[in-house]
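Hello,

The structure I promised is below. My notes on it follow.

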Amino acid sequence: MSEFRQTKGVGEDAPGDGVLFLREKQIRLAQELMVLAWRDLGRVIAPALDELALGTAQYRVLQMLALHPHLTVGELQDVLGVAKQSLARTLGELLERQLVVAKPGRQDRRQRFLALTDAGQAIEARLFAVQRERLVSAYREAGGNAVLGFRQVLRGMLSEESRIFLASEPSGTDPVKGKMRDGK
């Protein structure tokens with residue numbers, strides 16, 4: 001069994017608090033909570049996606065490009081963990097709707113750097129606002145220490161590849177134009 005050291009906080013009496021060993025039951029509960037939370041976040045956003053005629057795969061692309069503009073198609077495929085054909089179909093729809101733009105690289109014109117258009121940014125911001133309310137409410141209810149612990153647990157579950165991606169800061173230059181992203 002894995003050791004699990006935790007000090008019990010005021011008002012905390014949930015199963016697993018203050019235990020020395022993390023048991024299978026607590027791990028299963030955490031797994032179940034993650035599945036249900038992801039499902040419920042999807043349910044919260046589903047009406048807005050329906051209204052915009054977008055699917056969850058398209059929203060995931062919009063999210064990643066909002067957080068990491070100028071990813072290449074290959075980088076986006078890697079970070080989303082999707083098949084090339086699936087991403088091509090999803091990107092094709094977003095490009096057709098002019099929510100995403102693909103620009104060739106300066107040094108390697110075969111590379112395609114992806115970014116959200118103004119319309120894509122507006123839609124992604126609107127969709128994020130829907131989920132943001134659920135996240136803010138949960139964070140407020142849990143409190144600062146719980147939020148920090150939650151982030152630590154999520155980071156602990158990441159693969160080395162995901163940790164590297166998360167730690168990478170977007171470069172200050174636009175790889176397509178060679179200029180600073182703020183236009184300077």
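**Helix packing**

In this predicted model, helices H2 and H5 are roughly perpendicular to each other (a label for angles of 65 to 115 degrees; under 35 is roughly parallel, over 145 roughly antiparallel, the rest oblique). H2 covers residues 56-67 and H5 residues 118-142; they pack at an angle of about 100°, and their axes lie 10 Å apart. The axes are lines fitted to C-alpha atoms, for helices over the stretch in contact, with angles running from 0 to 180 degrees between N-to-C directions. On the H2 side the contact (heavy atoms within 4.5 Å) is made by Tyr59, Leu62, Gln63 and Ala66, and on the H5 side by Ile123, Glu124, Leu127, Phe128 and Gln131. Sorted by class, that gives six nonpolar, two polar and one charged residues. Here Ala, Val, Leu, Ile, Met, Phe, Trp, Tyr, Cys and Pro count as nonpolar, Asp, Glu, Lys and Arg as charged, and the others, Gly among them, as polar.

Leu135 is also in H5.

**Whole chain**

The protein chain has seven helices and three strands, in the order α-α-β-α-α-β-β-α-α-α along the sequence. These are DSSP runs numbered from the N terminus: helices are H or I with at least four residues, strands E with at least two. Of the 184 residues, 21% are buried. Of the contacts between residues at least 6 apart in sequence, 50% join residues at least 24 apart. The accessible surface (Shrake-Rupley, 1.4 Å probe) is about 13100 Å², with 54% belonging to carbon and sulfur atoms.

**Confidence**

The mean pLDDT (the predictor's confidence in each residue, from 0 to 100) is 83 for the chain, and 80% of the residues score at least 70. Confidence is lowest in helix H7 (residues 160-167), with a mean of 89, and highest in H2, at 96. The pLDDT is below 50 over residues 1-13, a stretch with 19 contacts beyond near neighbours in sequence. It is also below 50 over residues 171-184, where the corresponding number is 25. Where pLDDT is low, the predicted coordinates should not be read in detail.

**Conventions**

Residues are numbered from 1 along each chain as its sequence is written, and side-chain values use heavy atoms, leaving out hydrogens and water. Local features need pLDDT of at least 70 and side-chain atom pairs count only at pLDDT 80 or more, while totals for chains, interfaces and linings use all residues.

Regards

Notes:
Buried means under 20% relative accessible area, exposed over 50%, partly exposed in between (1.4 Å probe, protein chains only).
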